[in-house]
Amino acid sequence: MSAEISGENITELDPLGRSAHSAGAKLDAGKPRPSLVLGGFARALMEVTKVGTLGAAKYTDDGWQEVPNGENRYDDAMLRHWLQEKMGETHDAESELNHLAHQCWNSLARLDLYLRQQEKELSKLPGLS
């Protein structure tokens, strides 16, 4: 069996070298480990979650995905929070949440919109739909 990470084929292996058909085998060596990010950055992600929750209450759940020219607008929002932080302001006056959390939320929105666009473009290629 094989898996793909970042476009590179790797062979699925048990990290302890067990055969796939041995009791206790788990073919997860080399696979992404989300617990390192989700658990390791739990505090930061909770702050970003607060920003997302506030945005959903202010606007609508998942409405950010439909904002026209979203990539540029989330870049600008991220940079406004960055500038406020660099000027010594730690928390956003309106939300009372940390500017860094706002920056991260906007960066994640920007990344997600970019990835969605990449998927859309790939799906249009012949033989990939």
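Let's start with Glu94: at 62% relative accessibility, this residue counts as exposed (over 50% relative accessible area is exposed, under 20% is buried, and in between is partly exposed, with a 1.4 Å probe and protein chains only). Keep in mind that this is a predicted model, where local features need pLDDT of at least 70, side-chain atom pairs count only at pLDDT 80 or more, and totals for chains, interfaces and linings use all residues. Residues are numbered from 1 along each chain as its sequence is written, and side-chain values use heavy atoms, with hydrogens and water left out.

**Salt bridges**

- Side chains of opposite charge can pair when their charged atoms come close.
- The count here is six salt bridges, taking a salt bridge as a side-chain nitrogen of Lys or Arg within 4 Å of a carboxyl oxygen of Asp or Glu.
- Glu94 pairs up with Lys58, with 2.8 Å between the closest N and O atoms.
- That pair ties together distant parts of the chain, 36 residues apart: Glu94 sits in the loop between helix H3 (70–86) and helix H4 (99–123), and Lys58 in helix H2. (Helices are DSSP runs of H or I with at least four residues, numbered from the N terminus.)
- Lys58 is partly exposed, at a relative accessible area of 46%.
- Glu47 bridges to Lys50, and their closest N and O atoms are 2.9 Å apart.
- Both Glu47 and Lys50 belong to helix H2 (residues 42–58), three residues apart, or about one turn of the helix.
- Glu47 is partly exposed at 27%, and Lys50 is partly exposed at 38%.

**The H3–H4 link**

- Arg110 and Glu71 meet through their side chains in a salt bridge of 3.4 Å, N to O.
- This is another link between distant parts of the chain, with Arg110 in helix H4 and Glu71 in helix H3, 39 residues apart.
- Arg110 comes out partly exposed at 23%, and Glu71 is partly exposed at 24%.
- Salt bridges also join Glu71, Asp75 and Arg110 into a network.

**Helix H4**

- The buried residues of H4 include His99, Trp105, Asn106 and Leu113.
- H2 and H3 are among what covers the buried residues of H4.
- Gln103 is in helix H4, and this residue counts as buried at 10% relative accessibility.
- Leaving aside neighbours within four places in sequence, Gln103 is in contact with Met78, His81, Trp82 and Glu85, where contact means heavy atoms within 4.5 Å.

**The largest pocket**

- The largest pocket has a volume of about 970 Å³. (A pocket is an open set of points on a 1 Å grid over the protein atoms alone, where a 1.4 Å probe fits, with protein on both sides within 12 Å along at least five of seven lines; the volume is the space filled by probe spheres set on the points.)
- Its lining takes in 35 residues, and Gly55, Tyr59, Tyr74, Trp105 and Asn106 lie nearest the centre. (Lining residues have an atom within 4 Å of a point.)
- H2, H3 and H4 are the elements that give two or more residues to this lining.
- H4 gives the most to the lining, with 10 residues.
- By class, the lining has 14 nonpolar, 11 polar and 10 charged residues. (Ala, Val, Leu, Ile, Met, Phe, Trp, Tyr, Cys and Pro count as nonpolar, Asp, Glu, Lys and Arg as charged, and the others, Gly among them, as polar.)
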